[in-house]
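Colleague: I would like to learn how to read a few features of a structure, one at a time. Could we begin with exposure and salt bridges?

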Amino acid sequence: MILDKIEQLLKEVETLSAKNANEVEQLRVKYLSKKGEITALMNDFRNVAAEEKKIVGMKINELKQLAQERISLLKVQTEMQETNTDGIDLTRTPYPIKLGTRHPLTVVTNEIIDIFSRMGFVLADGPEMEDDLHVFTKMNFAADHPARDMQDTFFVSQHPNDVTKNILLRSHTSSVQARVMEQMHTEDGQLKEPIRVICPGRVYRNEAITARAHCFFHQVEGLYIDKNVSFTDLKQVLLSFAREMFGTDTKIRLRPSYFPFTEPSAEMDISCFICGGTGCGFCKHTGWVEILGCGMVDPNVLEQCGIDSRTYSGYAFGMGVERITNLKYRVSDLRMFSENDIRFLREFESAN
């Protein structure tokens, strides 16, 4: 009977073996060629009784699939054996393969994230291609603010009659903060829970590429919103960060500044860790080095994002990763971070 023949072939196929490619080809011809065993069974299928066709057809398909899988496996195994002469991979490069390392910007970003994570901040992320609403409008930028000009921002599409419809490459990661605030409040402006996020990412600005500036760079911004948040809370968090990042003897100072999305605003300096604050060429003989901007979240920003500014307050801060990396490793040219010069990158192997 044809079913008995199929069962016999199934047992044969399950135990197939081959020592080389010629033997694998012989097995293929025997079972899968036009004159092979399985093809012969399929030719005999037309003579099977109608009530048995379903069972016989399923068995033939099972046999054919098993034979194809088994022969394909043997082909791969024999090819590997032939290329591995005495356990040697003849296709492998004769030169030593060195392990890669993390990019210095990644090393510093991870360190920043780790410090703030231990303070209770969680990671938040958002799109690099953003709309005007989240990059500018919700961040309290005026409609005629210079940052909205083509000279400062990379626009993907512009709508002169309605700037809120503009699509652009984000110029800061504050857009992530706007999206987080939108998601974390109820209809009556109350927070579902306190917001404490850290937002790392790449940003873009239309600037000439020099040793001190680039058209793209990396930022890490932080946001904390809750009831009764004060500037003192902000100062203590930033002091803890500075001492974790640059050493326990680090001092900070806050200088008044202006940002559309915070009020009051400040820029933070750290005491120069090279000269100890006595003055040197690195700190331009001031004893201080600027590292970030910060401030209390402007009530207009809270309201734009749907949060009741009469009940809640918060602080925000932002820093450039390249700036922090320059300070830690004294990299003089910003362009080196994106040129993929292996000689430069190897200098940071010990930092990983």
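Modeller: Start with a cut-off: a residue is called buried under 20% relative accessible area, exposed over 50%, and partly exposed in between. Bear in mind that this is a predicted model. E7 has 34% relative accessibility, so E7 counts as partly exposed.

Colleague: Which side chain meets E7 in a salt bridge?

Modeller: A salt bridge calls for a side-chain nitrogen of Lys or Arg within 4 Å of a carboxyl oxygen of Asp or Glu. Here the partner of E7 is K59, with 3.1 Å from N to O. K59 sits in helix 4 and E7 in helix 1, so the two are 52 residues apart and the pair links distant parts of the chain. K59 is partly exposed as well, because its relative accessibility is 24%.

Colleague: How many salt bridges are found in the whole structure?

Modeller: The search finds 17. R118 takes part in a salt bridge with D114, where the closest N and O atoms are 3.0 Å apart. R118 also forms one with E244, at 3.3 Å. R118 belongs to the loop between helix 5 (104-117) and strand 3 (122-123), while E244 belongs to helix 8 (residues 231-246), so this pair ties together parts 126 residues apart in sequence. There is also a network, in which salt bridges with shared partners join R253, R255, E267, D269 and E290.

Colleague: Are D114 and E244 buried, partly exposed or exposed?

Modeller: D114 is partly exposed, at 41% relative accessibility. E244 is partly exposed too, at 42%.

Colleague: Now a pocket. Which residues line the second largest pocket?

Modeller: The lining consists of A21, V24, E25, R28, L32, Q68, I71, S72, K75, T78 and E79. Helix 2 (21-32) and helix 4 (53-83) are the elements that give two or more residues to this lining. Helix 4 provides the largest share, six residues.

Colleague: What separates the C-alpha atoms of A18 and L74?

Modeller: A18 and L74 are 56 residues apart along the chain, and their C-alpha atoms are separated by 6.6 Å. A18 lies in the loop between helix 1 (2-14) and helix 2. A18 is buried, because its relative accessible area is 17%.

Colleague: And the surface: which residues make the nonpolar patch of about 220 Å²?

Modeller: F273, I274 and F282 make that patch. F282 is in the loop between strand 10 (262-271) and strand 11 (288-297). With a relative accessible area of 33%, F282 is partly exposed.

Colleague: Last, the backbone. Where is there a cis peptide bond, and which residue other than glycine has phi near 60°?

Modeller: The cis peptide bond joins E263 and P264, with omega about 0°, and P264 is part of strand 10. The residue with the positive phi near 60° is H285, found in the loop between strand 10 and strand 11. H285 is exposed, because its relative accessible area is 61%. R330 also has a positive phi, about 55°, without being a glycine. R330 lies in the loop between helix 10 (321-329) and helix 11 (342-345), and at 54% relative accessibility R330 counts as exposed.

Note on methods. Residues are numbered from 1 along each chain as its sequence is written. This is a predicted model: local features need pLDDT of at least 70, side-chain atom pairs count only at pLDDT 80 or more; totals for chains, interfaces and linings use all residues. Side-chain values use heavy atoms; hydrogens and water are left out. Patches are made of residues with over 30% relative accessible area and no salt bridge: like charges are joined within 9 Å, nonpolar side chains (Val, Leu, Ile, Met, Phe, Trp, Tyr) within 5 Å. Accessible areas come from the Shrake-Rupley method with a 1.4 Å probe; for residues, only the protein chains shown count as cover. Helices (H or I, at least four residues) and strands (E, at least two) are DSSP runs, numbered from the N terminus. Buried means under 20% relative accessible area, exposed over 50%, partly exposed in between (1.4 Å probe, protein chains only). On a 1 Å grid over the protein atoms alone, a cavity is a set of points where a 1.4 Å probe fits but cannot get out, and a pocket is an open set with protein on both sides within 12 Å along at least five of seven lines; lining residues have an atom within 4 Å of a point.
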